[in-house]
Amino acid sequence: MSAITVKIRRQRVGVMNNKEMYVAHPVRYTQIGEHQLIDMAAKDSGLSEAQVAAALYALEVQIEELLLEGHSVDFGVLGSFRVSMDCKAKEFREDMNARCITRRRILYRPSSRIKTKLNNAHVEGFEMKNEK
């Protein structure tokens with residue numbers, strides 16, 4: 001069973017008028033790099049690292065191109081990606097132009113399978129420790 005470890009720290013909470021309160025945050029141990037991911041996928045799939053790397057590179061190119069063309073990309077059990085942007089509102093259509101865009105981003109939406117696994121994952125780290 002998967003387990004998410006949290007650390008609890010005291011911090012100011014803006015929505016509580018900057019009152020100091022205890023907040024739980026997930027612990028991030030390391031960032032898994034592309035080469036590590038390729039190595040793990042090669043071992044799990046029986047493919048060579050070169051084959052996995054080539055497939056991953058091809059997917060990266062295709063996903064980037066499709067997103068920039070305005071498509072939403074469904075990546076199976078991982079979830080989906082789509083382009084989004086924030087824009088200043090204008091009263092008249094003729095006042096709208098590219099300068100009205102204030103932020104561009106890629107949104108990721110996890111699949112229901114991943115959401116369910118996350119919701120069912122055991123959470124560790126709330127145990128009380130003796131403080132001296």
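**Close-up views of a predicted model**

View 1. E34 counts as partly exposed because its relative accessibility is 40%, a value that lies between the limits of under 20% for buried and over 50% for exposed. In this predicted model, E34 is found in helix α1, which covers residues 34–45.

**View 2. D95 in its loop.** Between strand β4 (79–87) and strand β5 (101–110) there is a loop, and D95 lies in this loop. D95 has a relative accessible area of 37%, and is therefore partly exposed. Between D95 and T5 there are 90 residues of separation in sequence, while in space their C-alpha atoms are 50 Å apart.

**View 3. The protein chain as the setting for these views.** The secondary structure of the protein chain consists of 3 helices and 6 strands, and these elements follow one another along the sequence in the pattern β-β-α-α-β-β-β-α-β. The protein chain is more spread out than a compact globule, because its radius of gyration is 21 Å, well over the 14 Å that the globule rule gives for 132 residues. The C-alpha trace of the protein chain spans about 65 × 55 × 25 Å along its principal axes, and buried residues account for 10% of the 132 residues in the chain.

Terms used:
Residues are numbered from 1 along each chain as its sequence is written. This is a predicted model: local features need pLDDT of at least 70, side-chain atom pairs count only at pLDDT 80 or more; totals for chains, interfaces and linings use all residues. Side-chain values use heavy atoms; hydrogens and water are left out. Helices (H or I, at least four residues) and strands (E, at least two) are DSSP runs, numbered from the N terminus. Buried means under 20% relative accessible area, exposed over 50%, partly exposed in between (1.4 Å probe, protein chains only). The radius of gyration is taken over C-alpha atoms; the globule rule is 2.2 Å times the number of residues to the power 0.38.
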